[in-house]
Protein chains: 2
Amino acid sequence: MTRNAERPTLEQVASLAGTSRATASRVVNGSPRVSPEARAAVERAIDALGYAPNRAARSLVTRRSDSIGLIVTESEERVFGEPFFATLVRGVSDALAGTETHLVLVLNRSDQEHSRVRRFLSAHVDGVLLISAHADEPLLAQLAADPLPAVLAGRPLQPTSLPYVDVDNAHGAYVAVRHLVERGRSRIATIAGPQDMAPGIDRLEGYRRAVADVVGTASSLVAFGDFSTASGERGTEELLERHPDIDAIFAASDLMAVGALQALQRRGRRVPEDIAVVGFDDSVVAATTHPQLTTVHQPVGDLGRLMVQRLCAALDGSSPVPRATVLPTHLVVRDSS
Amino acid sequence: MTRNAERPTLEQVASLAGTSRATASRVVNGSPRVSPEARAAVERAIDALGYAPNRAARSLVTRRSDSIGLIVTESEERVFGEPFFATLVRGVSDALAGTETHLVLVLNRSDQEHSRVRRFLSAHVDGVLLISAHADEPLLAQLAADPLPAVLAGRPLQPTSLPYVDVDNAHGAYVAVRHLVERGRSRIATIAGPQDMAPGIDRLEGYRRAVADVVGTASSLVAFGDFSTASGERGTEELLERHPDIDAIFAASDLMAVGALQALQRRGRRVPEDIAVVGFDDSVVAATTHPQLTTVHQPVGDLGRLMVQRLCAALDGSSPVPRATVLPTHLVVRDSS
DNA sequence: GGTGGCTGTGAGAGCGCTCTCAACCCGTCT
DNA sequence: AGACGGGTTGAGAGCGCTCTCACAGCCACC
């Protein structure tokens, strides 16, 4: 384990450059108070030795870790469509690319690991990005009480002072339903998501607002699911039973929309001729169904990027951090509507 | 940024416990050379103060970072089915759960970031997990030359001394084709993946071996794709044109299988009645197609877990690290075959 | 009663870095 | 000529921890 025993230190750089360690440090950290000659000499020495600063030593004195934590709670991967996690991580990584900041990943599974996450938080990162679907996420309270800067993915359900970045779920749903109306649909039902999760609530609200905007459209064509394919099937069957005359379904997730397509096909209803279907997420599956799914796209990569930006702002205290940032969603029209 | 100014140090723990810093350190690190009384006193002090060791200070002296890097190259997320990344990370995280080791994520996008990755490697982690599809990945050579322990996901194409963990692509393909044979299919074609990637090569090899096992089966019913849906469509059309009488297609990825389903449907070929289709990956989309896709499941979570185990073995030098570890794949039979 | 080993303990060095502080050089002003 | 000020520099402390080393205490043995 004692690798890199030969890694050069700042001391060696300084002595090769013929300066003191302090001056070498100034060069490494880009201080302006260094003469051009000294700077050049140190830079030459750095190249010659292949010097890279020892992060631990630096952290010890600066009291910064130069890394941020990405905490993902268990349920998340199941709830969001699969591209979500990878795309978000990509966005976060993008935003971090120019900096020296590391991204430390913590998947928060069970309660037994909770203490681990806590210690982790307080000791090892400068800030935290939290991805959590659970409304009752105890970490939220912990983070709010901690001086550690944190940014949430998605609107939290309970009141908290922590800033968050979200996609405009309500407006996305609203636009999806308006689209169905414009296509001439008048009996538009929805399969809503869980009502203990912000996306579930907000997408249903968008649906309701759009339906209320249209005079003469019934407003109670709602079934509830859990974002899964199976629940989409169940929801569709329930809707067809209660309201056989519906001519459109807005599903609050692509997977539920897939379930709807399957249920409709089983019942012999043609999509989009008899019933139009719109999903939400613009996940991989949306392009693999038959017919291909009209769905609401959410800018997940931007979500990650913006979370980092907000966190960095909080870290260096340069600019005030807005408590809420909401990114626009947009409709992707394919063949199912 | 000067948060946690009040974080307790080992010194404070020791003084509260009435011992020296050295003894407190022994307790923290679980040394057996401490009397029960001293241990209890220190533990009480730790609880009272809410002490957590300063990682930077520890790293500085131990010369370990207690973290490992997960390096993912750009193309990867596109190539593998979407659940791949999340599931692998989950497996890695699982394996790390009991330890104090952190997981640092690096997405290696462009060449300009290459130097960043290099510095990162040499300075900040004890070991590396590399996920890379590219055969010509320059990091491979760098890692092989570096004393930094590394474990690869997937068989590397060029010869290297680095250990890797892979899933049994060839056998998975073999089993898939044998399954088609058992279902009575005799004109079995394949849409192979890119031949500059190990999974593409190995899955084709498995197909060829299975076909060779069956006397009287033609062996040149091969089209090539890039694992994407679109390439699956193209490959299917190409196959149908060249060999209109094929009665089964083994696609080297689920997405290509989806493309095949779409192309077949357009041509009015029924699946599985006229043509059976089998995919590879057991991704989310496999369960959302119509008919649902028979596919080869690969234990991606186990892949991650095992990579960590191999890396840890390399780190503590306890046991020799096998150069290759291959995990079994298995067929998931659904409706398309 | 002395020797040897074995256990538990504390003093102290030092990991590589940043940052404060005082010193220094040199040109400019009184 | 002396005082002053801005720019540049180096000495040195110290971040919180681990780990070596020496030593004190204790038992068993000759």
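Across the interface of chain A and chain B in this predicted model, four residue pairs turn up in polar contact, with both partners at pLDDT 80 or more. Salt bridges are another story: the count across that interface is zero. The contact itself takes in 62 residues of chain A and 61 residues of chain B. Put together, the two chains bury about 5200 Å² between them, and carbon and sulfur atoms account for 56% of that area.

Which elements of chain A give two or more residues to the side that touches chain B? They are α4 (55–62), α6 (83–96), β2 (102–108), α7 (114–124) and α12 (254–266). The largest share comes from α6(A), which puts in nine residues. Sorted by class, this side of chain A holds 29 nonpolar residues, along with 17 polar and 16 charged ones. So much for the helices and the tally; the strand on that list has a story of its own.

Strand β2(A) pairs up with strand β2 of chain B, residues 102–108. The two run in the antiparallel sense, and three bridges hold the pairing on record. To pick out a spot along it, A:Leu105 has B:Leu103 as its bridge partner in β2(B).

Now for the layout of chain A. The chain is divided into domain 1 (3–62), domain 2 (67–166 + 301–326) and domain 3 (169–299). Note that domain 2 is written as two stretches, 67–166 and 301–326. How far apart are the C-alpha centres of domain 1 and domain 3 of chain A? The distance comes to 60 Å. Helix α4(A), at 55–62, is one of the elements on the side facing chain B, and domain 1 covers residues 3–62.

Over all chains, the salt bridge count comes to 28. One of them joins A:Asp202 and A:Arg155, whose closest N and O atoms are 2.7 Å apart. A:Asp202 sits in helix α10 (residues 198–213) of chain A, while A:Arg155 belongs to the loop between β4 (150–153) and β5 (164–167), so the pair ties together parts that are 47 residues apart in sequence.

Further along chain A, some strands pair with each other. Strand β9(A) runs parallel to β10(A), residues 294–297, and four bridges join them. Within that pairing, A:Val278 has A:Thr294 as its bridge partner. Strand β10(A) also pairs with β12(A), residues 330–332, this time antiparallel and over three bridges. Here A:Val296 stands opposite A:Leu331.

A few spots in the backbone deserve a look as well. Most residues other than glycine have a negative phi, and most peptide bonds are trans. Against that background, a cis peptide bond joins A:Val271 and A:Pro272, with omega at about 5 degrees. A:Pro272 lies in the loop between α12 and β9 (276–281) of chain A. Chain B has a cis peptide bond between B:His290 and B:Pro291, where omega is about -5 degrees. B:Pro291 is found in the loop that runs between β9 (276–281) and β10 (294–297) of chain B. Finally, B:Asp66 is not a glycine, yet its phi is positive, at about 55 degrees. Where does B:Asp66 sit? Its place is in the loop between α4 (55–62) and β1 (67–73) of chain B.

Technical notes: Residues are numbered from 1 along each chain as its sequence is written. Chains are lettered from A and ligands numbered from 1 in the order in which they are written. This is a predicted model: local features need pLDDT of at least 70, side-chain atom pairs count only at pLDDT 80 or more; totals for chains, interfaces and linings use all residues. Side-chain values use heavy atoms; hydrogens and water are left out. Contact means heavy atoms within 4.5 Å. Buried area is the accessible area (1.4 Å probe) that two parts lose on being put together, summed over both. A salt bridge is a side-chain nitrogen of Lys or Arg within 4 Å of a carboxyl oxygen of Asp or Glu. A polar contact is a pair of N or O atoms within 3.5 Å; within protein, one must be able to donate a hydrogen and the other to accept it, and residues adjacent in sequence count only if both atoms are side-chain atoms. Ala, Val, Leu, Ile, Met, Phe, Trp, Tyr, Cys and Pro count as nonpolar, Asp, Glu, Lys and Arg as charged, and the others, Gly among them, as polar. Two strands pair if DSSP finds at least two bridges between them. Domain bounds come from an automatic or database domain assignment.
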